[in-house]
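Hello,

Here is the structure I said I would pass on. My notes follow below it.

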Amino acid sequence: MSNNNGAAVNANNIVLRTDNLTKEIKMGEVTVQALRGVSLTVGRGEFLGIIGPSGSGKSTLLGLIGGLDTPTQGRIYIDGEDITDLNEVELTRVRNEKIGFVFQFFNLVPTLTALENVALPIQFARKAKYSPHKRAKELLGLFGLGDRMNHRPSQLSGGQQQRVAIARALANNPPLLMCDEPTGNLDSASSELVMNTLRDVQRATGTTVLIVTHDMGVASQVDRLVTLIDGQIANDVDPRSTAQKMAVQMLKEKRKTGEIAAPPQQ
Ligand SMILES: Nc1ncnc2c1ncn2[C@@H]1O[C@H](COP(=O)(O)OP(=O)(O)O)[C@@H](O)[C@H]1O
Ligand SMILES: [Mg+2]
């Protein structure tokens, strides 16, 4: 099997697969086709972005992958498990163990400290793999927040809150981390810090990181960028190699017109 990037994908190394997903949303007399046949295969350890205009179906797709909503048609596989027909109890287990969520507005519990926020998903895990506070301390330490563990969200900057949220999402070491506009509410310095944190996580742990974004700066940093338009995948490329190809093409054309001198013959 291969994804649209042409990279070989071994079945065991597939973390997420959607098969011809459609989602129709009825609003009175009108039916909106939020997704029209989305087939997407994502391998273990990929650093992937999803971009698309407002209303193109990005949040709908994330909601289906995260088991927050059910598709009209099609199937969803997470870490080899078909989650399409699971009941609410089973979906809660999948969300707790297999998927970490990071949101634009952090969604931390305001009355809990950073440490308690990160420990929470471990306390909810059916078969916890970690001691909650020990794991939370380790993660916050890794993210440079060792001296902020006992702070509440309101006592932290946006960038710090988002890194606490990433630590919380990773608490149970899920194979898939899904981020919906993770830098959408941050200044550029904090955005860079959060993107670096996500990249470090992917490199250090092999977690698959999937980032929905509007921000071209963010989109240009991923290894694979999927463009959604009108509920369909319009493009699936490596943005950096695409940018490079475009630059080479432009250079060739400018040399042809004489705007840029040809290189000296060796
Ligand atoms: N709960 C809903 N009720 C009605 N229409 C919805 C609902 N959720 C999404 N839609 C419609 O589905 C389409 C895709 O929306 P969405 O997934 O939110 O797009 P995006 O996240 O890319 O902005 C849009 O046309 C939107 O208006
Ligand atoms: Mg959205």
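**Overall fold**

The protein has eight helices and 10 strands, where helices (H or I, at least four residues) and strands (E, at least two) are DSSP runs numbered from the N terminus. Its radius of gyration is 20 Å, close to the 18 Å from the globule rule for 266 residues, so the protein is as compact as a globular protein of that length. That radius is taken over C-alpha atoms, and the rule is 2.2 Å times the number of residues to the power 0.38.

This is a predicted model: local features need pLDDT of at least 70, side-chain atom pairs count only at pLDDT 80 or more, and totals for chains, interfaces and linings use all residues. Residues are numbered from 1 along each chain as its sequence is written, while chains are lettered from A and ligands numbered from 1 in the order in which they are written.

**Around ligand 1**

The shell around ligand 1 includes Ile25, Val32, Gly57 and Lys58; a residue is near the ligand if its C-beta atom, placed from the backbone, lies within 6 Å of it. Strand 1 (14-27), strand 2 (30-43) and helix 1 (58-65) each give two or more residues to this shell. Helix 1 supplies the largest share, three residues.

**Pro132**

Pro132 lies in helix 4 (residues 132-142). Leaving out residues up to four places away in sequence, Pro132 touches Ala119, Ile122 and Gln123, contact meaning C-beta atoms, placed from the backbone, within 7 Å.

Regards

Key:
Two residues are in contact if their C-beta atoms, placed from the backbone, lie within 7 Å.
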